[in-house]
Amino acid sequence: LVEGYQYVHNLDGYVANHPCRFLRSNGSISILAKYQIPLVNYSEITSLRRLRLANVTPELSLTILEKIPIEQLESIYVGALGDRGEHYNSYDPAGVLQEKILGLGQCKLRRCTFRMRFIGCFDQLKQHLPTLEYLRIDGCENVSSVHQLINRMPNLKRLQVSILDAIPKDQ
């Protein structure tokens, strides 16, 4: 137990002293917990091909996307934490996040994974997303929104969708 604690303590010290080296390699960043967000020196990120965001809220994910160059992203994974309200609209932070990410299908984005509640409001989304080849949605509550996306992705090679059942609020 003591050795394990010492390892964690040393790792925290390493991350504090070398945040980008720990989180970034080969044009890739993984932020897997909220505490890692302040450790990244966003001003040093000039080119990014892969981004993985997990266990952060849609609001924090949007903040991160505003700080980094996202036009060159080829792959993104978003596993956002969020509430499960009953009604969503395009101003919901999760909807804004999803629309912003899917819009990268106009640039270089080829792979996109949403492990979160999928809103499916695409008011500002371009008509065609020609670079998107792989889309995974875990948390879809409205199948018609997925159908709208399929029609916009002419080069789609793989689609994986998990449908959510309604969960009662008392659980």
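## A parallel sheet and its helices

In this predicted model, the buried residues of helix H5 (residues 143-150) are covered by elements that include helix H4 (93-102), strand E4 (111-118), strand E5 (134-140) and strand E6 (158-163). Three of those strands, E4, E5 and E6, belong to an open sheet of 6 strands.

**Helix H5**

- Within helix H5, the buried residues are Ser 145, Val 146 and Leu 149.
- Looking down the axis of H5, you will find these buried residues within an arc of 100 degrees, so they line one face of the helix.

**The sheet**

- The strands of the open sheet follow the order E1-E2-E3-E4-E5-E6, and their pairing is parallel.
- E1 and E6 are the edge strands, since each of them pairs on one side only.
- On average, and with direction ignored, neighbouring strands of this sheet are turned by 5 degrees against each other.
- If you zoom in on E4 and E5, you will see a parallel pair joined over 6 bridges.

- Helix H4 lies across E3, E4 and E5, and runs at about 170 degrees to E4.

**Where H3 meets H4**

- The axes of these two helices come within 8 Å and cross at roughly 35 degrees.
- The crossing of H3 past H4 is left-handed.
- On the H3 side, the contact is made by Pro 58, Glu 59, Ser 61, Leu 62, Leu 65 and Glu 66.
- On the H4 side, the contributing residues are Pro 93, Ala 94, Val 96, Leu 97, Lys 100 and Ile 101.

**A buried glutamine in a loop**

- Gln 36 sits in the loop between strand E1 (28-31) and strand E2 (50-56).
- Its relative accessibility is 7%, and because buried means under 20%, Gln 36 counts as buried.
- A polar atom of the Gln 36 side chain lies 2.6 Å from the backbone nitrogen of Leu 32.

Notes:
Residues numbered from 1 in each chain as written. Predicted model: local features only at pLDDT ≥ 70, side-chain atom pairs only at ≥ 80, totals over all residues. Heavy atoms only, no water. Helix = DSSP H or I, 4+ residues; strand = E, 2+ residues; numbered from the N terminus. Buried < 20%, exposed > 50% of the residue type's maximum accessible area, 1.4 Å probe, protein only. Polar contact = N/O pair within 3.5 Å; in protein donor to acceptor, adjacent residues only side chain to side chain. Arc of directions from axis to C-beta. Contact = heavy atoms within 4.5 Å. Pairing = 2+ DSSP bridges. Axes fitted to C-alpha atoms, helices over the stretch in contact; angles between N-to-C directions. Left-handed = near helix turned anticlockwise from the far one by under 90°.
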